[in-house]
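Open the model in your viewer and keep the selection tool at hand.

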Amino acid sequence: MEQENTPTKSDVLAAMHDGDFLELMANVKFADLHSFGAIIAKIHNEGARDAIAFFDNFEWPGVAARRDHTRLSYILRGLIAAIEDETVRIVEFLHRVFLPLGQNSAYELREGFGDWLSAAPERAPASVQIILSLNGDSPFIDPALIVWRNNAPADALKETLNICKDVRSEIRRQAIYALSGFASAEEKLRGTAATELAAIIAGSSRDDKLAAISSAASMLNETSEVPANLMSALATACEAPSPAVRHEIIAGWAFRQNKLPEGLRNLIFELMKTVTAEFEDTVDLVDTAISNMDIAQERTEVFSLITAILAQPENPPPLKALDSTIYKIRSSSHADLGWFTTSWLLAGDFEICLQVHDLYQPLDQQIYDFDIADFDLRPIDVAYLTRKIFGFLLFCHGPAVSLLYSCLSAVDANERRMLENEIAFFWLRNFPDDLKLFDAALAAHPRTGMKASIKRIRDLSGAYEDELKKLPRNPALRPSPLERQVQAEIARDQHAEIMKSAKRNSILSSIVQESVLLYGRTSISYIYNGSDQPVRQVIPLKSFETSAALPRMDGLYPARFSYIVQHFRNERRPN
């Protein structure tokens, strides 16, 4: 069990002497581990026990659990931040203790080293020289350069420029990153740092170029006076870059876009339009970059970007890969969501229109306040849009009805009657229950003339249903056993795909472990909260179900239905 309070100095000293240090450490709360390290530093500073010698002689092979490695890195951060000893001894100890703990400990150790340097900034120049004198690479030169820069920027810049040519890759990379910190320095120093970054970007070393691009983006984010040579170097890097360079440039835009100049912004837009599906990490950056834009104010640019990305001739990423952007559009406003949907349907690109439904939740039944008046469409364009809705929003009934309702309200009385006939003939003959959605749209967003229009649609649909009811049943039209089997297999495959898609897009899949129950009505799980015995939790199981209306014609005459839908989908917008 973890202790409620941080152990006392005498507890720690006894554990270090008796070999019970790991046992004591395991009982301390994570939040108290930094304080635990500070207690060890106090013991060292008072001369009661040499902490550096203690950890040098520590039985590292016995620390097998990753949890213990993490705890030790927290303790060492507190120790290094507060310890008092010779600079060379502490810097060398920092590197020795890093070896058994590994890369996962680098952050905590670096933070502790930074705190130790900040407490006495005069230690920074000597620490840099000691690190450079070591044989191997080091992840710890960056804190020393930062503290040195904050106190003596001219001297720090001179040394940083020298380190940028060091043969050790990690030390060199940190020095390149450190150049971005001179964004707030005086103009001469900032210009010198920018010139070095521009030269590295123009150089032949791939890794150095990537580090310099990231450092340059950070510098641009911190200063309003952009050095011209650095801008020129970044613009040149945007010309036919390698995938890695493109990734780094887009990353700079994704996280610092509000600070980049307009010219560079446009070049990065063009790069984003070239990202294909196989570069998943870069697609995620593109998604982050677009989602950080203002959907309401920049929706034309957002639309152009997404359209260009999805319309690439070879291996474009799917719309659903831009999940953060989809969420941003979906949560922006009904007007923006309707604008994107309408824009893509009017454009008529087949592959993009097939993905428009990904803007919505699966089987969405929500009524939206859409309005296509901003598009200033001719009646013939509204009719075209109606047929695109028929073709591409078959399983998003809420958005489809909302947009059809908007189409009806956008035309005059004569044209409206023609649309009413089309809606009643195709949509309501396939989905008669959607009359309830039209009623819901009218109730939520009443518009002039729409009450009478919905009544006429209801009458048209009702008249058709009444005629059908008068007809005798024809046994010849009943499906044969083979046809029933085929339709059942089709329905099963469709259901399986829907379930796969639902699982892929569900947040529960990342936090809930799926298991197969052979029998029983409860789910049993064990929760480990740090005690010796896990807590057994029993969760009663409940059933749930969802349903979606299938087009009637798809069951009665699937070939004809498929032909009509394909005709709607392939129709070109009239000139």
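**Stop 1: cysteines**

The disulfide count is 0, a disulfide being a pair of cysteine sulfur atoms within 2.5 Å. This is a predicted model, where local features need pLDDT of at least 70, side-chain atom pairs count only at pLDDT 80 or more, and totals for chains, interfaces and linings use all residues. Numbering starts from 1 along each chain as its sequence is written, and side-chain values use heavy atoms, leaving out hydrogens and water.

Select Cys 407. Cys 407 is in no disulfide; its nearest cysteine sulfur, on Cys 353, is 14 Å away. Cys 407 counts as buried because its relative accessibility is 1%. Buried means under 20% relative accessible area, exposed over 50%, and partly exposed in between (1.4 Å probe, protein chains only). Now pick Cys 238: at 9%, this residue is buried.

**Stop 2: negative patch**

Select Glu 280, Asp 281, Asp 284 and Asp 323. Together they form a patch of negative charge on the surface. Patch residues have over 30% relative accessible area and no salt bridge; like charges are joined within 9 Å, nonpolar side chains (Val, Leu, Ile, Met, Phe, Trp, Tyr) within 5 Å. A salt bridge puts a side-chain nitrogen of Lys or Arg within 4 Å of a carboxyl oxygen of Asp or Glu. Helix α17 (residues 280-291) gives the largest share, 3 residues. Asp 281 sits in helix α17 and is exposed at 55% relative accessibility.

**Stop 3: nonpolar patch**

Move to Leu 482, Val 486 and Ile 490. They make a nonpolar surface patch of about 250 Å². Leu 482 belongs to helix α27 (residues 481-504). Its relative accessible area is 58%, so Leu 482 is exposed. Helices here are DSSP runs (H or I, at least four residues), numbered from the N terminus.

Methods:
Areas by Shrake-Rupley, 256 points an atom, 1.4 Å probe, with all protein chains shown as cover. Lys, Arg positive; Asp, Glu negative; His and termini not counted. Charge placed at Lys NZ, Arg CZ, Asp CG, Glu CD. Helix = DSSP H or I, 4+ residues; strand = E, 2+ residues; numbered from the N terminus.
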